[in-house]
Amino acid sequence: MGTSQSREDVELSDSESEATRTESEEESENYQDAHGQSSAERMPKQESAFDEVEEKLRALKLKYVTPPTQNSNVKNPVKLYLHIGGNTPKAKWVISEKLTYYDFVKSCIAEGGESGTDEDEEADAGEAWWVLKVGSKVRARVGVEMQLKYLGEQSRVDFVAGGVWAMKFLNSEHYTIFVQKFQDCLFENTYGCEATEENRVKVYGKDFIGWANPDAADDSMWEDAEDAFLQSPGSATPIRPSQDLREEFEEDGNGGIQSLALGALDNSFLVSDSGIQVVKNFSHGIQGKGAFVNFDNRRGCGSGSVYSTPKKALLMRAETNMLLMSPMDEGKPHSRGLHQLDIESGKIVSEWRFEKDGTDITMRDITNDSKGAQLDPSGSTFLGLDDNRLCRWDMRDRKGLVQKLADSSTPVLNWTQGHQFSRGTNFQCFATTGDGSIVVGSRDGKIRLYSINSMRQAKTAFPGLGSSITHVDVTFDGKWILGTTDTYLILICTIFIDKDGKSKTGFNGRMGNRIAAPRLLKLTPLDSHLAGASNAFRGGQFSWVTENGKQERHLVATVGKFSVIWNFQQVKNGTHECYRHQQGLKSCYCYKIVPKEESIVESRFMHDKFAVTESPEAPLVIATPLKVSSFSISSKR
C-alpha cells in the first residue's frame, strides 16, 4: 500500500538535478519526453561548440532567435522539470529546460496539436479557449484535468500534461502573477466568460462569493465543527498518524462483479453478471461465501435485455429484500423498472414498473429513505431520481397492501411524493441523511439540499465549481456533504447560524451569506498520472454510521486502480500543513492509497458497528471485477 508521500514534493534544485544527470546519464538520455526528443539531444555538450554554430547562423542572417540564458531578458521565465521513474525507487526530477518561458494563449487547436502560433490568437472567440504553453515542451488546455498543485513556499507548481511536470519561478512575485493568471484562465474556460468580479458574482451568487474568493470566506464554521468533533462521544479514540491499513481477508468473486451491497447486519452481497453472492460480515471484513442467487433466463433479471445486468442494488426491510435496477442501454443509467429479490428464498418476487399519470417514465438512480432505512423491517418506500425528477415510490397499493408479481402485467409503483421539474435540472446522483433530508448533485456542478418536508424547492443550492457531480454523499447528521467529480472531491459544510443565534444546517433553513468556502480533496499530479488512463474519481463516500452522536471518521473514493482514503478530522483542521502556502480553495493532499492490480469497482467502509476496540474505524471493503478484499485500520507494528 502506498501513501501520498513521494519525491514529487521535494525541493527542486539545480545541483540535485544536475547531479542526477551525471549519475544516471544513460537513463536520462534514453527517456523520451512528450515530443519524442531525448534530454541529451536538447542539451549541448560543449558551450564553445554551441557558440560557434550560433555565430555562423548569424553570419548567414537567418531568422534565428537566441536561446534564453540566465542573463536574457525573458518574459515569464521559468525552469521546467520532468518527473521520471513513476513511483519506483529510481523516481526523480530531471531538468527539461534550465531556462524557458510560459505563456497563456487563446487557441482552438486541441491539446497535443502543433505549438501555438499567431493563428491561435486569431481563433474565433466563441470556439477558443486558454492554453498554457511552456517553451516547446508543454501545451495544455487550462483546466482541472491538469491537476495543477500550488507549492507557494517553493515558488513552484506541479501539473499533468502528457507527463508530470514542475515549473519553478525565479521569485515569489513571478509565482503569484502566474497563479492569478492561471485562475483567471481556468474561470473563463470553465464558465465561458471573463474572470471579472461582476461575472464571478453572476456565476456563484452574492451569497457564495467566498467560493470565488476563499480569503474573504467565513471559515468559522469549519473551526466550530472541528471543536464539536473533538467533543463528540465517538472521538474518544483519536486517529493517530502511526495507524495504517492492513489487509485481513481476500475472497475470489464469481467474475464480473458490478457492485457491492454492504449490510449492517449478518451479510453483505456481491452483485455480478451472473447473480448475487452472499458473504458474511465480521469485525475484520467480509469473508466466507454463502448462498449464490443465479439470474436465470426465464424470470427476474434475466427476463429480457432490458434487465439483463443489474448495476444498482438497494437493501430494504431489515436487509431481507433487495431492489435491483438495470440500465435500458449500455453506458446509460436510466431504467424503466426494477426487480425485488427476496434474499431468504433467493427468488425474484416482484417486477416493478415506473409510471406517473398513466405514462411510463425512467429513473437513473434509487436510494433508501434515510441512512438507516435498510434496517427497518417494515419499510416499503424508497426514493427515485431522474434527470428532472425527484420522487418517493411506494411498493404498496392504494389499499395499503403490498403488491405481488402478476402473471399478466407488471405492477406499477405508486408515486407518493415528489416533483417533476420543467426546466433542465440535469440531476445526476443523490443521497439521504439520518432524518431523510435529501442532497442532489447535478451535471452543471450544483448541489441542492431538500428538507424532509418538500421535494419541490431546495432549501439551499450550492453553485458548484463547474465540474459535473457524478456521486454525492452526506453525513448522518447532515452537516457535511461530499461531492465527487472526475478530478477532485468537494467537501461542503452545511452549518450556519440563523438570525436567532441557533445552529442549523442548509437542509432546514436558508443559509444566507455566512457560507463557508468548500475544501477540495485531490490527488497529487504524480498519483493522478499513475492511476492510469481511467483516472477519474468515482463514488466518494463517508464512513458509515446510522446513529445520532456518532461521527464519520474517514472518506474514501476510487480512482482507477487506486482506493484513496482521507482522514476526515485532518481534512477539517484548518491549521493542517497541507493548507499552508496554498492559493485559492484549500486542497488536501494527505491520504493513503491502496493499489490493486485491476480497476476497482467500488470502495466502501463497513458499518460502524464492526469497528473493534483496537481500531478506530470499521473495515474498508474493496471490490474489483474478480476479487473483494477487506482492510482494517490498525497501529503499525
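Modeller: E319 has its place in the loop between strand 14 and strand 15; strands (E, at least two residues) and helices (H or I, at least four) are DSSP runs, numbered from the N terminus. This is a predicted model, in which local features need pLDDT of at least 70 and side-chain atom pairs count only at pLDDT 80 or more, while totals for chains, interfaces and linings use all residues. Residues are numbered from 1 along each chain as its sequence is written, and side-chain values use heavy atoms, with hydrogens and water left out.

R317 lies in this loop as well, between strand 14 (312–316) and strand 15 (321–325). Most residues other than glycine have a negative phi. R317, which is not a glycine, has a positive phi of about 50°, and E319, also a residue other than glycine, has a positive phi near 65°. R317 counts as buried because its relative accessibility is 13%, and E319 counts as buried because its value is 8%. Buried means under 20% relative accessible area, exposed over 50%, and partly exposed in between (1.4 Å probe, protein chains only).

Contact means heavy atoms within 4.5 Å.

Of its 637 residues, 52% are buried. Among contacts with a separation of 6 or more, 59% join residues 24 or more positions apart.

The largest nonpolar core contains 29 residues, of which L491, L555, V564, W566 and V571 touch the most other members. A nonpolar core is a set of buried Ala, Val, Leu, Ile, Met, Phe, Trp, Tyr and Cys residues joined through side-chain atoms within 4.5 Å. Elements that give two or more residues to this core include strand 30 (489–493), strand 35 (554–559), strand 36 (562–567) and helix 11 (568–572). Not counting residues up to four places away in sequence, V571 touches L491, R519, L521, L555, W566, Y579 and C588. Apart from this core lies another, of 27 residues, among them V94, A140, Y175 and V179.
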